[in-house]
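These are my notebook entries on a few places that I looked up in the structure below.

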Amino acid sequence: MATEPHGMYVDRVRHSPSGVVWGATLFVYHENIGKTSELDEPPRVPIDGNILLRSQFELHGDIRTYLQKWQDTNPNDLDPVRRSDSKHRPLELPGKSIGTMPNGRDTIDAWGDPNRNQEAMDKDEFEGEHLEQGDLIARLNADGVFNYGIYVRSVHKQKQFYNGNGNWRICSNAELDYVIKGFAPTELVEPLTPWFPDGEAVASQDIQLTPEGGLPRPLGAPLLRMMSNFKTHILKFYREHSQILDNLHDKVADDTEVLCLSLEKLTTTALGIEESELTSVNMFAVHQAVRRHAFLIEKDGSSLFSRMYIVQPKRIANIVKQVVDWTHEHQEHCVRATMRKDTQGSKDHPMHRFITKAQRLIRLSRRLRSPTIMSSVGPSSNRYSPGQDGNPLVFRELPTEKFTADDQMIIEYLQLYSVPTVVMPSGTLRSTATHIMRATGMYNTLGLSEASTRLLLQEIGIIAPWENLLPLDQYLMLPGHGISLARDMELEEIEESCSKLTVDQLQDSMQHLRKDWGDMPVYCIDDVTAQEIDDGISLEPIPGSRNTFWVHVHVANPTAFIEHDNPIIQYAASRLFTSYIPERTYPMLPKTLTEPHFSLAAGRPVLTFSAKMNLRGEILDSEIKNGTIHNVINLTHKTLRDFFDPDSEEQLESFTIGGEFTEPPVPHGKTIQERLRPEDKDRFHIMRQLMLAFRQTRRKNGAMDLTPLSPELSVSVQSGNAPMPPYDLQSTTGRHYLGDPVIRLNVHSYDPYDVRDQSRDNLVSLIMNLAGHISGQFCAARNIPVVYDGTWYDPEYGRVTNKNLANFGGEGFYELSVPLAYSSTTPTKHHTMGLDTYVKSTSPLRRYTDVIAHYQIEAALRFEHEHGRQFDALVDSPDPAEIDIVETDPAETSPTETATEITTNDTTTTPTSLLPFSKSDIDAHLVYSLPLRTRLRNLDKYSAQHWACMLLFRAFYFSECNLPVTFPCLLRTPRTKPRHLDQEYAGVITSLGVNCSVTIPQDFPDKDKLDIFCMVEAHITAIDMASLQVTMEATGFVKPFERKGEWA
């Protein structure tokens, strides 16, 4: 018999799964294959080393020694648990760490929240909230079961956790559902860190969806016990309160109105307990119950740390149940029809009637517009001019069929399913919508999802082909859409009362302190079409000095005329700030109040923030006082930029679709001064010198010039000579449309790496920052609680400063943290601006935090005028929530003691606060406002993205305008993609400001040069109107990240 080559035999035996190992002699033989052995011995047979180990164990009885030797001789790459002295320990390997614990379904985000799929990296925490070592996290898997973990640290912008299985694991914020701060002491967590990856961790090929690996279980045993005990307490609490928790929605929901409740309010309402009885157990148990009531109660997904929940009304719950039942019945009818069984009465079924009607409407729609696979119908071939046929709009509505009450229930269900901010995660709810689409037989080649439902609603005439659905966010309750009838009625009442206000009815609470600024020029610099002018600036020379000046910032002053508890101000508190989206504006304060009474103009009241400065940038003095302005001069930003940089060319290029874009007229009664007079030029030249010097002062305090890496997305929409009507959820008649809105997208010649001189580009912004600093100093010196804006650094990364800012691109991105913004009721440093205190105070017509600041400052000014000394909030207006109330018995208290105690006879009292808002009031407002603020910012951002995508969609697929072959794109962060797909980055088209995804083809020539914030050329491959995703493919490398320019 032929003998097998030794090399093959050795290789096969060494890799035998039976645990066979080689003796010392055979190792020598293997290393000398092909050589003549001095001993000339035949090869020995392999020896089973495990047998030797077992014999040693039986002889000596030392189980630990036996297991240690067994592990050394049987390395298992699928189990990276190693002793600290093990030569197999994988964490010492250079480069990326490989997770090796198999994982699967539980890595899937069960809820599919559209707010969670922004960037691949968790680069923005929630207003100062961030994970800290020892925090407990709960992660919901695809089976609806919570898995627990404890946060350990962040490395390479990856968050590392110790999970309930005793493994380390990498998770993003998108995977996490709940956090309990300070759950485990850091002294129990810290010993685990040597076993965690100290660099980037990647999932092991084929067995993982996310990186996960093992570590010695005894090290984490205390943490495992803590997590197990918490789980036991949750289970026990559920058993004791299952009746309430299983019927949570019925317990807390309103009959007709959508509610927005905090977790604390949700828990106290459901369990009937006081706030003092809240615990981490009962609050998490309620949150867990929320997850069992999918869609009916939903957690705000704008941040991991948000504790706000939306509660659907019982009316919606009944509609959902009814539509689901109808769907199941219709499915049964379809099955019976396929089996040729009796389906008597099926044609009269509500779902069958709706589907039949939908089929007719879809066929009618397709005569007018083409459907696409990108979640939208195409444009109309018709074009209309404003005023044509006496119609001010550029499109025409074609009413089709009436919808019955049953139809309207199904439609409302589909509307909720298709709204981007509404989450319907359960299989039953999702399959209901897909069955309706499938049953029409009109979408057989289309993937059925929330995205395709949007197409169905367009084709049956429920939403316009261009409709932006983001304003339908139920958390925002924006007026005019029928989301909350109570809120709509509240606004109508406020607008009506404001329209009836006269000057005589507005009483000035600061009249006795108001200064007349006479003929001092007040420059109001804004867009031509701006109707609410919040602020203006002035320069006042100091007599006898050539290098010292007063810089005045005059700000609109509604707070002196309206009490802080007026319904108008309470409504402003619920709105937070004016929201501007391309198709309309949602004002914080009614225009019937601001435009005729408070928008800056001659004779209007102001609150003026003033700084006495020299040309070295030093603030010598500051003051705040109420006043009246008269000599108002309106300018545009372009006029000022042309003065400071006359050689710059204004970018006029744009893409336009749908017709000719008409420049909006100047508002009635507003006069724009188009050129600067010589005296104006002198003043602005001095103000620029002052701001340049002040910048140098701020830079000594750490200020950084963090210019955006892309221009602001500038897109405009016109529907004709009348505003575009807001979309109303209450649909009774189908409507198809002829014609489309006109959309214009501006093109910028923008270098993302060029750090320009902001004193030339936006001098007004620098002066407004000065006003915020004056406001912050005033309030901080008097211990006044307001909304102070500051920044914080992620403590787990190096700090970006004005010394190393150029290192933040490329690999430096994974090592450094830029200052992250947050708000507080106590003064905090703003590292980016280089200011020790900063309070926004220059936009009280459009921003509620400025309204709070004005009320607080004016209360202090009145006090100081009356008492002749500086106000101190801690002494003169203590927060009732922070005072220990003293109870006394009048029989045991002397008259002298009674005079000094905060008491009255046998009752408890609190002192009257001189400030309109206490610290606890503002703290509560911040808790309410932070998630709302995030969602409002997203509304502005993604509404602009929607209209830009609409233009690109119609240009790319229907050639409505010519697009360049490629665009310059800046790569941000890599996206997590399956291994068989091309590499992909989140990016932005730098000439447009449009967010995009950039795929890197396999044959891309410069893959090794790609890094964070580098530039590539790319061409468009797809535009999806549901996800607002512009997909690009890179065609060439342009350049790496760098910082250059005047302020670099």
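**Entry 1**

I began with E9 and strand E11 (residues 308-311), which pair in the antiparallel sense over 4 bridges. Strands are DSSP runs of E with at least two residues, helices are runs of H or I with at least four, and both are numbered from the N terminus. Two strands pair if DSSP finds at least two bridges between them. I noted that the bridge partner of leucine 261 is tyrosine 309 in E11.

The model is predicted, with local features needing pLDDT of at least 70 and side-chain atom pairs counting only at pLDDT 80 or more, while totals for chains, interfaces and linings use all residues. Residues are numbered from 1 along each chain as its sequence is written, and side-chain values use heavy atoms, without hydrogens and water.

I then read the order of the open sheet of 3 strands as E9-E11-E10, with antiparallel pairing. Strand E9 (259-262) and strand E10 (297-299) each have a single partner strand, so one side of each is left without a neighbour in the sheet.

**Entry 2: arginine 972**

I found arginine 972 in strand E32 (residues 967-974). Its side chain makes a polar contact with the side chain of asparagine 995 at 2.9 Å. A polar contact is a pair of N or O atoms within 3.5 Å; within protein, one must be able to donate a hydrogen and the other to accept it, and residues adjacent in sequence count only if both atoms are side-chain atoms. Arginine 972 and methionine 1015 are 43 residues apart in sequence and 9.5 Å apart in space, C-alpha to C-alpha.
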